Each structure stands twice: as structure tokens, then as C-alpha cells.
Amino acid sequence: MTDPMIDGFRQTGRPCLATALVAAVCAALAGAAQGAPKPAKVTCASCHRAEAQSQPKTPMGIGIELPPNQQPLETHPKLTVEENGYHYSVERKNGVSSYTVSDASGTLTLPVRYAFGVDNLTFVLEYQGHFYESLVSYYKKIEGLGITMGDDKIRPHDLTEAMGRQTSDQEIKACFTCHGTGGVSQGKLTLDSLRPGLTCEHCHAGADAHMQALTGGKPAPIPRKLGEMAAEEMSNFCGQCHRTWETVVGLRLFGEKNVRFQPYRLANSQCFLGDDKRIRCTACHDPHVDLVREEASYDRACLSCHTVSQKTCPVANKNCVSCHMPKVEVAGTPAVFTDHQIRVVHPGEPYPQ
Amino acid sequence: MLRALSGTAVLWTIVSIVAHAATFDELAAEAATARRGNRIPEAIELYRQAVQLRASWVEGWWFLGTLSYATYQYAGCEAAFDEFVKLDDKRALAWSLLGLCEFETGKYDPALDHLRQGLAGKDLAPEVEAGVRFHYGLLLTRAGLFDAGNRELARYARGGAHEPMLIQGLGLNALHQSLLPKEAPAESLDAVTKAGEAARCWIVGENEKAEAGFQDLVKEYPAVLGVHYLYGTYLSYSRPEDAMAELRRELELNPGNADAGARLALLLVHANDFSSALPYAKKAVAERPNDALAEYAYGEVLLGTEDLQPAIARLEAAERLDPAALEYHMALKGAYSRAGRHDDARREWRLSMDLATGKTHDRPHD
């Protein structure tokens with residue numbers, strides 16, 4: 001797809017419309033600042049109002065629930081579950097949540113500082129200088145606690161192991177990088193400056209410099225237009241957090257648990273063509289707005305390739321995802337995911353790894 | 001025990017054989033009887049005489065070779081299987097035994113080639129295959145094909161082996177020294193062994209021991225070539241910033257270590273710092289032409305800078321040089337996919353999945 005701004009530049013040989021717009025914005029902002037003690041501060045919302053307003057309310061915009069705002073724990077002030085012979089509870093008192101595991105040998109209680117996720121919450125706990133992923137998580141579907149996804153094979157031998165799985169240095173940095181902003185700086189954890197969720201800069205590298213330059217009334221370099229990416233490149237881009245195809249294959253993360261790694265699943269689809277924009281992540285999902293759950297709303301994306309002139313589905317002409325992207329319940333947990341490996345699903349066939 | 005046979009006894013055996021046997025059929029029958037009766041030296045001599053009378057006797061060469069191997073007579077075994085494979089080149093065990101004998105007699109280049117042919121046959125018994133892969137891994141290391149060698153030695157180590165020859169082989173491989181354990185200078189043996197033991201712990205998932213081992217190695221042998229490369233490689237999976245520092249130290253000590261440059265370039269690619277990665281990748285391919293890792297790193301840098309066609313050429317070169325490396329197939333899948341080469345992307349997708357899921361055993365290195 002061509003960009004009319006770029007085409008305009010190519011055709012006329014004059015500065016493109018984008019540059020002209022930037023200059024106009026700079027002039028307007030500088031003008032607004034004239035006579036004022038400080039220049040007007042430019043934010044993303046100054047120009048991208050709709051995206052800047054809606055994105056912070058999305059799951060990516062929230063990312064982590066930090067105290068005291070840990071919403072599901074506020075509405076469920078006492079959660080308990082028995083797993084592997086241990087008793088777990090997550091209790092909220094006076095605006096503070098704590099995570100407790102106990103057995104006949106004793107009790108271990110830790111504060112819940114980091115609740116990762118939005119509807120489903122996994123707790124990252126600090127204990128004796130190390131970080132742990134809690135062995136039980138909160139699941140919205142059951143409004144209660146269950147074994148954390150991926151940890152169902154763990155059989156704890158003591159209270160510490162029952163409390164959680166110790167994370168590696170690299171893993172914990174990846175957690176905070178993908179769920180928050182400012183938690184990792186120059187390769188080190190900087191949790192004092194952690195803010196929940198992903199800000200614009202996270203995906204739009206250069207956005208902060210862009211805004212600073214504009215605030216100073218100068219022309220600013222424009223961050224890369226991510227809309228130029230086709231499927232393969234975007235899959236790798238989003239996969240930095242949602243796991244790339246290469247990551248899953250390289251680490252041999254096979255089995256139905258990999259259903260939550262959407263870029264990997266999508267890239268396994270027969271219809272995934274890396275140079276095509278019609279099958280890239282944003283063909284279906286706008287990351288600036290909340291996830292759309294109406295199945296019919298995705299038909300438009302399917303029909304952008306599967307037109308009436310091509311071989312079409314013999315069963316239905318709407319709600320394509322209801323058959324071709326089945327829901328998968330991950331064994332051992334109450335979590336359900338949409339399988340992004342688009343395919344003709346045959347009854348009883350095993351999960352394609 | 002058999003080695004302990006006195007020269008007199010052997011001479012007596014040979015004299016008695018020559019005195020009794022005459023025709024091919026008689027020799028063949030007597031050889032089989034001796035073999036079944038576990039009279040191995042006598043059987044070997046009878047088979048030797050029989051194949052001299054009839055050089056096209058495949059079974060004779062086979063038994064001459066296997067009995068010689070069983071009695072550590074590697075030169076005789078090698079000669080027998082050299083003739084055998086001319087008559088029947090489909091037997092993986094024959095190629096493997098030929099290669100193993102050549103390993104013992106010091107003919108390392110043909111040994112590498114013949115062990116590769118043996119492994120390509122895919123019909124070796126698991127316990128034989130393990131031994132063949134171990135020797136193959138040592139020879140790949142000697143040939144400077146460190147990544148391919150590491151895969152073979154690691155597979156052997158994962159089976160629970162930890163004999164000194166394996167540890168030393170792993171150490172030489174890890175330090176990128178193109179030597180067999182028996183060729184390692186005595187003064188470097190301690191560093192090699194410590195590197196090998198730490199590498200073994202890493203391979204089998206004993207990470208605390210591995211980390212401690214690598215730290216001790218760096219502290220004790222900071223000037224030994226390959227030590228910082230090894231520690232940097234280990235750290236690259238968990239602490240990339242520290243890994244980069246170690247790789248830079250290695251390059252200060254040994255600017256010609258192309259793989260250190262290549263690994264550093266890859267870490268910079270993962271940090272999206274393509275402009276810093278480029279000179280390291282370029283230098284790596286210039287320093288070591290036909291190095292799969294260097295080609296791969298350069299290909300990944302070029303992918304990052306959107307130079308798609310040159311990137312594909314580099315990644316194809318890497319895959320050609322080391323077709324058993326999963327990473328190269330995965331990178332090519334992505335590159336073809338971006339380039340709109342859908343059939344090629346699908347093929348690499350399948351190859352990657354087969355390698356990752358074990359449906360395809362690692363193809364021997366070409």
C-alpha cells in the first residue's frame with residue numbers, strides 16, 4: 001500500500017506533506033508559546049488524541065497492577081486455594097495485598113507488589129533477594145486462584161518452592177520490560193521508576209525525542225511508521241513480548257501451552273504470507289483500543305483474501321474465527337485462548353504443535 | 001586379554017592354518033568355524049587368506065573388519081572396511097567402523113568424512129551411534145567446525161557420559177582449539193579440563209556449577225584464548241550486557257576470533273543496534289571465510305538493516321556450511337517469508353519444525 005504523503009514527495013520533488021505538517025505543528029506550538037513563560041509541552045495526545053486516550057485503558061496499557069490499584073484483588077479481598085498439598089491465600093487488608101502459602105511445616109507471607117496482567121493476574125514476589133513467579137494466579141473465569149500457566153508440572157518440596165518459581169535475571173527483566181515502563185534501564189532493573197503498562201515510546205521508538213523536539217519548537221525526526229510492516233516483520237515486532245515463531249521453535253515450547261504465543265501460532269498458518277499486510281497482527285487488532293470480542297468483526301479480515309471469487313467456506317459465510325480459530329483451554333489451568341493457527345479444524349484431531 | 005597373546009602362539013596359529021587350508025571354500029568354512037568358536041586370531045587369519053583368494057567376498061571383508069576392530073587391530077580393520085565399502089556402500093556400520101579405525105590410525109580427514117557417511121545411513125544401533133557421534137564431534141572440533149562439533153559432544157554428554165576424553169573434547173571445543181584431546185599440550189590441559197567440565201555442567205543443566213566453573217576459569221586463566229569467548233557465550237543467554245563485555249575482552253586478546261565477533265554482532269542485533277553490529281559481522285566473515293556462524297551473524301545484521309537479498313545470500317551460505325543448525329533454518333524461513341518467497345519459506349518452516357521436534361535427526365555436517 002502506498003503512502004500518499006511519500007508519493008506526493010516523489011511526484012513533485014518538493015518537501016513531502018509529512019514534513020510540511022511537522023513544520024506547521026512546530027510553528028503553531030512555538031506561536032502558542034510566544035509571550036508565555038514556558039514553551040507548550042507537546043505530548044502524544046497533542047496530535048494523536050484518540051490513540052493516546054484509549055491505549056492506556058487497554059491490557060497493554062495497564063500491564064501490571066501496582067499497589068494500591070490492584071482491582072481484581074479489591075473486589076476479591078480473600079482468595080484461597082489448595083494445590084499440591086499447600087494452602088494458598090491472597091488477602092487484601094487496608095489497601096495492601098499479601099500472598100501466603102502454608103503447610104504443616106509453617107507459613108510464608110509476602111507482599112504483592114507486582115500483579116502482572118489485567119483480567120488474570122500472576123504475582124511477582126521478592127524473597128531473600130530473588131524474584132519469584134507465584135505458583136498460583138488469579139483467573140477471572142473462575143474468579144479465584146489456580147496454578148499459574150506453565151507451572152502445572154512443578155511439584156514443590158518446601159514452602160519456598162511452593163510459593164513460586166525463581167526467575168532468572170533475564171526472565172525477570174523481560175517480564176518488567178513487556179508489562180511496564182521504566183522498570184529496566186540499560187540492562188538493569190530500575191523498579192523505583194516503574195510505571196504500569198506500555199507507553200507510546202515502547203512501540204514507537206523515538207516518540208519521546210520527537211515530542212521533546214516539538215516542545216522546543218524544532219522540527220523533529222518522525223518515529224518509524226509501524227504501518228509499513230508486513231506480516232513477518234510485524235510478527236517479529238509484536239513477538240518481542242508475545243513470543244516470536246523463532247523463540248518458540250528455538251526453545252521447543254511445543255504443546256497446547258504455546259496457544260498463548262499468538263505470533264508463533266499465526267506464523268504456522270497456511271495462509272500466513274510474510275510479505276502480505278492482510279495477515280499481519282494489526283489486520284485484526286488495533287493495539288490502541290481494547291480487544292474486540294465479537295467474532296463477526298473479524299470476518300472483514302478473512303474476506304480481504306477469501307473473496308467470493310475464490311474457493312469459499314462450504315459451511316458458513318460469517319463468524320469465520322468461530323471454526324477456524326478455535327478456543328483452547330490449557331490443561332491444568334482455567335485459562336482459555338484463541339488459537340491463532342488459522343486452519344480447517346477436524347473433530348478429534350490433536351493440537352498441532 | 002587377546003593383546004596378551006604371545007608372539008609364539010600367534011605364529012603357531014598362523015602356521016597351523018596355512019598347513020591345513022587350501023581352497024577358498026575350505027578357508028571360508030574354517031574361518032566361520034573359528035569365529036563361532038571364538039578363536040578370533042585364527043578366524044582373522046583365515047578370513048584374510050580367503051579374501052586374498054576371492055576379493056569380491058563381501059562377507060569375508062565384513063568379518064575380517066569387525067573381528068579386527070574387536071581385537072583393536074585398527075590398521076587391519078581399516079584395510080578390510082576400505083575394501084568392503086567398495087563392494088557395498090550402503091552399510092552405515094561399515095562406514096562408521098572405517099571412520100573409527102582411521103581415527104585411531106591418525107587419518108583424521110578421511111575419518112571425518114567416513115563417520116559422516118556412517119551417520120547419514122541412520123541405521124546404527126543407538127549405542128554404536130553414540131560412540132560414532134562422539135568421535136565425529138572430536139573430529140569436527142579438530143577441523144574447526146566448533147558449533148557442529150559441540151552439538152555432537154553435547155548429545156553424548158546429555159546421555160550421562162563424563163569420561164576424561166569427553167571433558168577434554170568439550171573443553172577444546174568450548175575454547176575453540178582445533179585439537180584432539182591427545183594433541184592438547186600438557187601445559188594447557190588444566191584450563192581445557194576446567195572449561196570442559198563447566199561446559200558439561202551447562203549442557204546437562206547444572207547451571208550453578210556451570211556458572212561457578214566459568215567464573216573460576218576466567219579468574220584463573222584470564223589470558224588463555226577462548227576463555228572469555230566461552231564465558232561470553234554462556235552469559236549471552238541470561239545476561240547479554242555482561243556477555244558483550246566478555247566477548248569484547250576476548251576480541252582484545254584475540255582479534256582474529258571470528259566467532260567472538262559474530263556472537264557480539266548477534267547480541268547487538270538482538271539489542272536492535274545494527275550499526276554497531278555491522279563492523280563486527282563484516283570483520284568476522286572477512287577473518288574466517290566459510291564460517292557458518294559469521295555468515296549467519298552477517299545475515300542477521302543485514303536483515304535488520306533491511307538489506308533483504310544480501311541477507312538471504314548470507315543465511316543460505318550459513319545453512320550450506322552447517323545444515324544441522326536450527327537457527328539458520330529459522331532465520332532463512334523469516335527472510336524468505338519477508339521476501340515473498342513463500343515456497344522457500346514453507347520448506348524452511350518444515351525443516352525447522354522437523355529439527356526442533358526431533359522428527360529429523362540432526363543431519364551430519366557437510
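How many residues does the contact take from chain A and from chain B? Let's walk through this together.

1. The contact takes 24 residues from chain A and 24 residues from chain B. Please keep in mind as you look around that this is a predicted model.

2. Between them, chain A and chain B bury about 2,000 Å², with 52% of that on carbon and sulfur atoms.

3. The rule finds two salt bridges across the interface of chain A and chain B. In a salt bridge, the side chain of Lys173(A) meets that of Glu241(B), at 3.7 Å from N to O.

4. Which elements give two or more residues to the side of chain A that touches chain B? They are α8 (169–179), α11 (231–242), α12 (245–250) and α13 (262–267) of chain A. α12(A) gives the most, with four residues. By class, this side of chain A has seven nonpolar, nine polar and eight charged residues.

5. Finally, a look inside chain B. The axes of helix α5 (residues 74–87) and helix α6 (residues 92–105) of chain B come within 8 Å and cross at roughly 145 degrees, and the crossing is left-handed. Residues making the contact include Phe81(B) and Phe84(B) of α5(B), and Trp95(B) and Leu98(B) of α6(B). The contact residues divide into 11 nonpolar, one polar and four charged.

Methods: Residues numbered from 1 in each chain as written. Chains lettered and ligands numbered in written order. Predicted model: local features only at pLDDT ≥ 70, side-chain atom pairs only at ≥ 80, totals over all residues. Heavy atoms only, no water. Axes fitted to C-alpha atoms, helices over the stretch in contact; angles between N-to-C directions. Left-handed = near helix turned anticlockwise from the far one by under 90°. Contact = heavy atoms within 4.5 Å. Nonpolar A, V, L, I, M, F, W, Y, C, P; charged D, E, K, R; others polar. Buried area = accessible area lost by both parts, 1.4 Å probe. Salt bridge = Lys/Arg side-chain N within 4 Å of Asp/Glu carboxyl O.
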